[in-house]
Amino acid sequence: MSGSKNTRKTDGAKTIDSNATSPDTAALMAAIANSEKNVVAKISTLEAKVETKCQALNELIDSLCSNVSDQIDEVRTELCAKIDALATTCTDHHSRLTSLEEGANTYSDRVVDLEKQVHDLKEIVSALSDKTEDLEGRQRRCNIRILGVREHFETGTRPVTSVAQLLKEVLALDTAPTLDRAHRSLQPIPARDQRPRPFIVKFHYFQEKEEVLRRAALNSPLTHNGDRILIFPDLPSAVAKRRGAFKEAKDLLRGCRGVRFGMLYPAKLRISSPLGEEIFTNPTAAKDYVKNRILPIIVWLACHDCLESVNMAYNVTNSGATTPDST
């Protein structure tokens, strides 16, 4: 049995060998071998190309890395230089700011000192101005101004004599006042159609000057040779300006019955009314007081007097009408 089996295997191998040695198989094997060689050759070629490309790519990468590194170094160097310059500038600015702060502190202290000095100087100037104004007023306390006297009135005589005689005649004085000086104001001579220059008169005695002003106020309006003349105290310009600010309040008070008012030196308005006596140094406050307090009282008093007059007339009429009937 076993011998037959071995015989069969030998026969099968011979069959296979015979098949393998056939011409087709040999050609196929040759083709396969040839293809394998071609594939291997192509793979080798591709490997060479890939190796070449990889080498070129590596070289390019190395070149790019080198360029980037160089550029980074350049940028870093440039940035470092600029940062150093900025640091230097910042240091310079810091030193300047420090110097400015120190200077500002110094100047601030100096400004505070100067403000104090200016405040003190203002007080000194104000005090000196008040003293100067007071001295000027005291120097003029015996002076008056006469307005409206014709030009050339004093021609041919001494102005002191002619003005003293004028005051005696206009004010009906017993004797002519004693005058130290009398002259026109220092202005150009006006034309015929212009207002004459005022007279500035200095009295020797203060009491005579006060009497002249008192009589001028009592005998107003005053006339001389048909011209109206006005007599005022000769006040410093600053005082006259402050007094002029009370004009509106004084205009409202004129004509108010039962109200007396006058100016006190240097510029105070004294008002005596049924409400009492008030003294004002502020023109606005004086005007408001007259409008809101005095005028309503005056209107009320006027209306009350009118009602009393009507009642009295009514009573008189009724009494006169009934008298004949009773008789």
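Select Cys54: this cysteine is partly exposed, because its relative accessible area is 37%, and partly exposed covers what lies between buried (under 20% relative accessible area) and exposed (over 50%), using a 1.4 Å probe and protein chains only. Now jump to Cys256, which is buried at 11%. A disulfide is a covalent bond between the sulfur atoms of two cysteines. Searching the whole structure turns up 0 of them, where the test is a pair of cysteine sulfur atoms within 2.5 Å.

A quick word on what you're looking at: this is a predicted model, where local features need pLDDT of at least 70, side-chain atom pairs count only at pLDDT 80 or more, and totals for chains, interfaces and linings use all residues. Residues are numbered from 1 along each chain as its sequence is written, and side-chain values use heavy atoms, leaving out hydrogens and water.

Next, click on His224. You'll find this histidine in strand β4, residues 222–224; strands are DSSP runs of E with at least two residues, helices are runs of H or I with at least four, and both are numbered from the N terminus. Is His224 buried or exposed? His224 is buried, since its relative accessible area is 12%.

Show what surrounds His224: leaving aside residues up to four places away in sequence, it touches Phe153, Leu166, Glu169, Val170 and Ile229, with contact meaning heavy atoms within 4.5 Å.

Finally, zoom out to the whole chain. There are 7 helices and 8 strands to colour, and buried residues make up 18% of the 327 residues.
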